[in-house]
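Here is a short report on one protein model. Keep the sequence and the 3D view open while you read.

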Amino acid sequence: MSVSTLRDRETYHGALIGCGFFARNHLHAWRDIERAKIVALCDADEARLHAAGREFGIERLYTDAAEMFREERLDFVDIATTVASHRALVELAASHGVATICQKPFARTLDDARAMVSACKEANVPLMVHENFRWQSAIQAVGAALESGLIGTPFWGRVSFRSAFDVFSGQPYLAEGERFIVEDLGIHILDIARFLFGDATRVTASTSRVNAAIKGEDVATIMLCHESGVNSIVDCSYATRLPHELFPQTLIEVDGSAGTLRLMADYQLQIHAATGTEIRDATPPALSWMSSPWQAIQGSVLNIQSHWIDCLRSGREPATSGRDNLRTLALVEATYLSAREGRSVDLRELERPRNE
Ligand code: NAD
Ligand code: 89V
């Protein structure tokens with residue numbers, strides 16, 4: 001259904017594909033969003049499909065997405081599968097004219113991602129990447145504080161995620177890929193850097209693996225030069241044993257021409273400006289279905305999905321549209337390229353095929 005026919009509806013009927021580890025958060029959030037109703041579920045794994053159907057009281061269940069699109073009249077689909085299936089499912093949704101949300105990482109390659117954006121554009125259907133970290137309440141509070149101009153013009157930033165939380169027990173596939181932290185987690189942190197400081201033009205990165213039991217890298221240090229003139233450091237690690245485990249907190253430092261901002265541990269936001277120093281509490285709200293330590297992420301799921309419904313109603317492009325996410329994915333690619341070749345990467349290099 002096109003952007004204009006989706007405007008100003010009372011209720012939006014959706015389906016969710018992929019009833020795995022993370023999808024429960026999507027389903028809880030959909031239940032809390034007044035104008036959204038999930039009417040069908042799909043998962044290739046029957047046991048997971050039926051478990052989700054029972055838990056969320058959804059009766060129309062499919063093991064085959066193509067059959068679901070043929071049988072259901074949907075306003076939108078929420079694809080919560082892992083990356084290998086994203087392109088085929090997004091293109092299938094576009095071929096049925098269904099507005100689409102796709103989990104991160106949007107695609108394995110920039111070429112796939114561009115093809116998915118084109119498919120939705122040609123079908124005239126909205127496409128949003130479920131890039132939720134920038135929708136965390138504390139990150140939104142940082143964005144609003146910078147926007148207010150209190151610390152003047154930012155010139156330096158650091159966006160940092162350091163943890164030793166065991167992500168592998170919930171998401172065992174994360175231990176198996178050639179790529180790990182940049183593709184899975186760094187993608188969020190790079191997206192936050194874009195959200196706060198704008199697009200980057202140059203990336204210099206190094207990565208390493210500390211945990212010998214996994215295949216991919218679990219530490220990355222990335223320097224970004226932004227079009228705005230800000231230089232930022234994005235650093236992430238799943239090998240950092242702190243006395244106080246902070247998962248899934250992202251810590252932020254920004255220096256501006258008139259002051260400084262620090263998003264510190266436990267969501268304490270310090271703003272130092274000419275008027276003085278204040279600490280704001282940016283602790284995410286906790287709803288009954290949320291559980292520690294995931295509340296900040298779960299809250300961001302509710303926020304991004306609410307934003308999707310607002311965008312369908314108003315006809316606006318979502319903040320993390322497919323088109324927008326191409327630039328976050330380009331930062332992921334540039335990070336791997338820089339780390340592999342031991343050099344800085346100009347983002348323009350990724351705009352054309354490498355052999356041209
Ligand atoms: P998962 O493996 O637990 O679940 C994926 C489900 O999709 C499985 O049940 C599988 O059977 C199903 N599936 C796969 N291909 C399918 C297809 N073609 N048709 C129907 N069903 C299919 O994975 P997960 O841990 O829930 O992760 C899903 C996605 O969510 C990943 O892309 C991951 O990166 C992302 N994720 C995001 C966050 C976040 O905070 N943004 C957190 C965790 C996971
Ligand atoms: O956001 C994610 O994709 C997750 C986690 C936060 C655990 O890294 O994999």
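Helix α8 (residues 295–314) lies across β1 (12–17), β2 (36–42), β4 (76–79), β5 and β6, and runs at about 175° to β6. Lying across rests on contact, which means heavy atoms within 4.5 Å. Axes are lines fitted to C-alpha atoms, for helices over the stretch in contact, and angles run from 0 to 180 degrees between N-to-C directions. Helices (H or I, at least four residues) and strands (E, at least two) are DSSP runs, numbered from the N terminus.

This is a predicted model, in which local features need pLDDT of at least 70 and side-chain atom pairs count only at pLDDT 80 or more, while totals for chains, interfaces and linings use all residues. Residues are numbered from 1 along each chain as its sequence is written, chains are lettered from A and ligands numbered from 1 in the order in which they are written, and side-chain values use heavy atoms, with hydrogens and water left out.

What is the strand order in the open sheet of 6 strands? The order is β3-β2-β1-β4-β5-β6, and the pairing is parallel. Two strands pair if DSSP finds at least two bridges between them. β3 (60–62) and β6 (127–130) stand at the edges with a single partner strand each, so one side of each has no neighbour in the sheet. On average, neighbouring strands of this sheet are turned by 25° against each other, direction ignored. At one end, β5 (residues 99–103) pairs with β6 in the parallel sense over 4 bridges. There, C102 has V129 in β6 as its bridge partner.

Buried means under 20% relative accessible area, exposed means over 50%, and partly exposed is in between (1.4 Å probe, protein chains only). Among the buried residues of α1 are H26, L27 and W30.

Another open sheet has 9 strands, in the order β14-β13-β12-β11-β7-β10-β9-β8-β15, with mixed pairing. Its edge strands are β14 (276–281) and β15 (345–346), and each pairs on one side only. Helix α6 (residues 137–147) packs on this sheet and touches β7, β11 (251–256), β12 (259–264), β13 (268–273) and β14. Its direction makes about 175° with that of β12. Helix α9 (residues 322–341) lies across β8, β9 and β15, at about 55° to β8.

Is strand β10 (residues 231–237) largely enclosed or largely open? 5 of its 7 residues are buried, so β10 is largely enclosed by the rest of the structure. β10 runs parallel to β7 (residues 154–162), joined by 7 bridges. V159 stands opposite V234 in β10. With β9 (residues 219–226), β10 pairs in the antiparallel sense over 7 bridges. The hairpin of β9 and β10 has 4 residues between the strands, and G229 takes a positive phi near 100° there.

β8 (residues 200–208) and β9 pair in the antiparallel sense over 8 bridges. 2 bridges join β8 to β15, again antiparallel. V203 has L224 as its bridge partner in β9 and V345 in β15.

## Two domains

The domain assignment, an automatic or database one, gives domain 1 (4–132 + 304–320) and domain 2 (137–283 + 330–339). Their C-alpha centres lie 27 Å apart. The contact takes 9 residues from domain 1 and 11 residues from domain 2. About 880 Å² is buried between them, and carbon and sulfur atoms give 58% of this. Buried area is the accessible area (1.4 Å probe) that two parts lose on being put together, summed over both. In domain 1, F21, K104 and E131 lose the most area to domain 2, together 47% of what that side buries.

## Salt bridges

A salt bridge is a side-chain nitrogen of Lys or Arg within 4 Å of a carboxyl oxygen of Asp or Glu. The count comes to 28 salt bridges, and 2 are between domain 1 and domain 2. Here are some examples.

| Pair | N to O distance |
|---|---|
| D184 and K104 | 3.0 Å |
| E55 and R24 | 2.4 Å |
| R114 and D111 | 3.3 Å |
| E317 and R323 | 3.1 Å |

E55 lies in helix α2 (residues 46–56) and R24 in helix α1, so this pair ties together parts that are 31 residues apart in sequence. R114 and D111 both lie in helix α5 (residues 110–122), 3 residues apart, about one turn of the helix. R114 is partly exposed, at 31% relative accessible area, whereas D111 is exposed at 55%. Salt bridges that share partners also join R134, D191, R194, D199, D324 and R327 into one network.
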